[in-house]
Amino acid sequence: KSEGMEVCEPCPTGSASQTGAASCELCPQNTYKSEGMEVCEACPENGSSEEGASECSCVEGMFWKDTERSCELCPQNTYKSEGMEVCEACPENGSSEEGASECSCVEGMFWRDTERSCELCPQNTYKSEGMEVCEPCPTGSASQTGAASCELCPQNTYKSEGMEVCEPCPTGSASQTGAASCEL
């Protein structure tokens with residue numbers, strides 16, 4: 001109750017006062033006070049807050065559930081990465097397990113965190129089941145954009161380091177399937 005007030009007013013969310021105090025104090029860092037709470041409480045495991053918070057922020061893969069006053073795992077096929085407040089649904093061609101900080105993408109696609117989307121693997125790279133990132137095709141093989149595997153260069157063609165596609169062998173030379181060079 002401050003000067004001129006007839007009755008004690010409750011402190012707003014994110015602040016509290018001691019019994020008989022004339023003013024409210026912000027809740028300290030890593031504590032919070034939401035609607036209906038009398039005092040600032042410590043954030044639960046996997047949670048943190050700035051000074052004056054009305055709820056806690058949770059680590060990646062978890063969200064704040066106000067009714068439980070706890071950090072809960074994001075449901076399957078959703079994710080929450082750094083800087084996000086809520087779990088979001090995985091995009092088309094993506095999926096996740098419970099508590100994910102990013103989505104896994106189908107074969108031939110990779111997760112681009114900055115875009116929060118599944119993108120096609122670039123030409124001459126591939127990503128098959130169980131892989132997290134697109135890997136370069138080995139010499140003697142190539143791939144189109146969005147490939148789940150690399151195809152060996154056909155007989156009498158080759159692809160060495162730095163080449164984009166399988167090229168025909170020069171006149172008078174030949175190669176086996178999957179060659180990195182041609183032989184005379």
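The torsion about the S-S bond of Cys27 and Cys40 is about -80°, so the disulfide is left-handed; a disulfide here is a pair of cysteine sulfur atoms within 2.5 Å. Select these two residues to begin the tour: the bond joins them with an S to S distance of 2.0 Å. Cys27 lies in the loop between β2 (25-26) and β3 (31-32) and Cys40 in the loop between β3 and β4, so this pair ties together parts that are 13 residues apart in sequence. Strands are DSSP runs of E with at least two residues, and helices are runs of H or I with at least four residues, both numbered from the N terminus.

The model is a predicted one, in which local features need pLDDT of at least 70 and side-chain atom pairs count only at pLDDT 80 or more, whereas totals for chains, interfaces and linings use all residues. Residues are numbered from 1 along each chain as its sequence is written, and side-chain values use heavy atoms, with hydrogens and water left out.

Cys27 counts as buried because its relative accessibility is 0%. Cys40, in contrast, is partly exposed at 24%.

**The whole chain**

Zoom out to the complete trace. The protein has 0 helices and 20 strands. Its radius of gyration is 29 Å, well over the 16 Å that the globule rule gives for 184 residues, so the protein is more spread out than a compact globule. That radius is taken over C-alpha atoms, and the rule is 2.2 Å times the number of residues to the power 0.38. Along the principal axes, the C-alpha trace spans about 105 × 25 × 20 Å.

With the surface displayed, the accessible area of the protein comes to about 11,500 Å², and 46% of it belongs to carbon and sulfur atoms; the areas come from the Shrake-Rupley method with a 1.4 Å probe, and for residues only the protein chains shown count as cover. Buried residues make up 31% of the 184 residues. Of the contacts (heavy atoms within 4.5 Å) with a separation of 6 or more, 22% are between residues 24 or more positions apart.

The charged residues may be selected next.

The structure holds 11 disulfides. Among them is the bond between Cys43 and Cys56, whose sulfur atoms are 2.1 Å apart. The S-S torsion of Cys43 and Cys56 is about -90°, which makes this disulfide left-handed. The pair links distant parts of the chain, 13 residues apart, with Cys43 in the loop between β4 and β5 and Cys56 in the loop between β5 and β6 (57-58). Cys43 is buried at 14% relative accessibility, and Cys56 is buried at 2%.

Move on to Cys74 and Cys87, which a disulfide joins at an S to S distance of 2.0 Å. Its torsion is about -75°, so this disulfide is left-handed. Cys74 is in the loop between β8 (70-73) and β9 (78-79) and Cys87 in the loop between β9 and β10 (88-89), so the pair links distant parts of the chain, 13 residues apart. Cys74 is buried, with a relative accessibility of 0%, whereas Cys87 is partly exposed at 21%.

**Two asparagines with positive phi**

Select Asn46, in the loop between β4 (41-42) and β5 (47-48). Although it is not a glycine, Asn46 has a positive phi of about 70°. Its relative accessibility of 33% makes Asn46 partly exposed.

Then select Asn124, in the loop between β14 (117-120) and β15 (125-126). This residue, again not a glycine, has a positive phi of about 65°. Asn124 counts as buried at 10% relative accessibility.

Ser34 lies in the loop between β3 and β4 and is buried, with a relative accessible area of 5%. Leaving aside neighbours within four places in sequence, Ser34 is in contact with Thr13, Ser54, Asp66 and Arg69. To finish, draw a distance from Ser34 to Gln176: their C-alpha atoms are separated by 71 Å, and the two residues are 142 residues apart along the chain.

Technical notes:
Buried means under 20% relative accessible area, exposed over 50%, partly exposed in between (1.4 Å probe, protein chains only).
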